[in-house]
Amino acid sequence: MSPNTTELGAMNGFLGAHCKITNTLLETSRLRYKAGMPAYNLTTACQAVKAIRNSISWIERHTTAQSVQVTAVRVVRAFERFFDRVARGETPGYPRFKSIKRFTGWGYKQYGDGWSLLQKNSKIKTNGSRAGHSYGAVRLTGIGTVSLRGRTRFEGEPITAEVLHRGGKWYLSVTFEVTPEAVAREGGRASMAFDWGVSTLLTKVVGDPMTGQVEAIDNPCWLKKQLDRIAEIQQAIAALEKRAKAASGKQRGFPVCHQLKNAYRRRRCLHAKIANQRHDFYHQLTAKLVKQYGLIATEELEVSNMARAPRPKEDPGNPGQYLPNGAASKAGLNRSILDAAPAGFVAKLRTKAEEAGSRFQFVPTRELKPTQRCHLCGETTKLELKDRQWKCTCGATHQRDENAARTILRYVFEGAWWKDTTNSGLERPRRPRAARNSIQVGSPIWME
Ligand SMILES: [Zn+2]
């Protein structure tokens, strides 16, 4: 979004007001809990934000009736996620108070209420003219008509919108309701399974689990390339902060000089740039894959487990002393895992596959153990993270990622074949049934 000065002022006001509402709800949630009252549900939270909005005039000016409700829903969902994780025995962080710097924005839940689009593309429902805006604009109640760059990818009815403030830039994310025909991509026919890795992004096997071709797609490693630059900026920030702390004698709330402010901005921009590059790359790659294959299978990802810091290892002969636990190398690996962002990639791939009417299938990682299971005999072998190549008890030698992809593909065709003693594994695999058409709502588009 490219707001002018007046609009920018109003948008900052909106950001502040929704941030304030979020923090007020977090605080009152805590108080309600202390007082033994039930947690907010959607109804009580919406009533609470309505009361806040009606009683504080600057908040009323910088919100709409709908946008405060969307904020209320977000807080309620954050608590639901929190309690879900507690119930599962995890130790999640309590929903955090948001500083305005970290607050990401607000949303609208119904088109035409607080927001409307003015787009060049006449197939999209628009209100009013777009005079003075070369690409299009969004009209936001209480803010103005803000110019947009970027286009919509679909024809359809806009439903919801979010205004996002990230890395010092403003974005509008719009969800459209679309018909399957409007987004129908040309889905391919071949079957493909892939294993996801850190050094090699994807290792895929196409066609037959036993004889199908193997192809690898490398991880572009944007973050690695930019790591030196991040380190450089980080060092500059550390030095400037140290100087400011020494000069003011304060550890927190020290004065931020012009140089430091600049360095903070450079760091934000670099992180935003990396995120955008990743977003683009994944969009292109997933579109290409969906065009090629009618069935795509992979294992369920458990990124939160993979990216966890390793447990401290106590020295058994020397209590209180700790042995090296590989935390440093795991930290590097974590960074690569988070850099490759598999969950975001798989989510995009899945959406696009559904749009194309293709079948997307997750295989159960815990049951199948695709990395450890030989795709020929079905036996599992315990492997270390570093074992790229391994030998099965049946005598076969496997490349780790390739075997995993073959095991996944075989499971798609034959189920848990290793449990079935009547099946020698030499039969031709059954073909999967035809894909279904299932999509109703389009994925969000991004407009800068
Ligand atoms: Zn084997």
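In this predicted model, Phe79 and Phe83 both lie in helix 4, which spans residues 65-87, and they stand four residues apart, about one turn of the helix. The structure holds 13 aromatic pairs, and Phe79 and Phe83 form one that is stacked, with 6.3 Å centre to centre and 25° between the planes.

**Aromatic rings**
- Phe79 counts as buried because its relative accessibility is 10%, which is under the 20% limit, whereas Phe83, at 40% relative accessibility, counts as partly exposed.
- Phe360 and Phe362 form an aromatic pair that is edge-to-face, with 5.2 Å centre to centre and 85° between the planes.
- Phe360 is buried at 15% relative accessibility, while Phe362 is partly exposed, with a relative accessible area of 29%.
- Phe79, Phe82, Phe83 and Tyr94 form one aromatic cluster.

**Charges over rings**
- Arg32 lies over the face of Tyr40, at 4.4 Å from the ring centre.
- The charged end of Arg373 sits over the ring of Trp418, 3.6 Å from the centre of that ring.

**The zinc site**
- The zinc ion is coordinated by the SG atoms of Cys374, Cys377, Cys392 and Cys394, at 2.2 to 2.4 Å, and in sequence these donor residues are spaced C-x2-C-x14-C-x1-C.
- Cys374, in the loop between helix 11 (365-368) and strand 14 (389-391), and Cys394, in the loop between strand 14 and strand 15 (397-399), are 20 residues apart and link distant parts of the chain.
- The arrangement around the zinc ion is tetrahedral because the four donor atoms subtend angles of 101 to 116°.
- Cys374 counts as buried at 0% relative accessibility, whereas Cys394 counts as partly exposed at 42%.

Conventions:
Residues numbered from 1 in each chain as written. Predicted model: local features only at pLDDT ≥ 70, side-chain atom pairs only at ≥ 80, totals over all residues. Heavy atoms only, no water. Donors = N, O, S within 2.8 Å, 3.2 Å for Na, K, Ca; no water. Tetrahedral: all angles 85-135°; square planar, octahedral: opposite > 155°, others 65-115°. Helix = DSSP H or I, 4+ residues; strand = E, 2+ residues; numbered from the N terminus. Buried < 20%, exposed > 50% of the residue type's maximum accessible area, 1.4 Å probe, protein only. Phe/Tyr/Trp six-rings, centres within 6.5 Å; stacked < 30°, edge-to-face > 60°. Lys NZ or Arg CZ within 6 Å of the ring centre and 35° of its normal.
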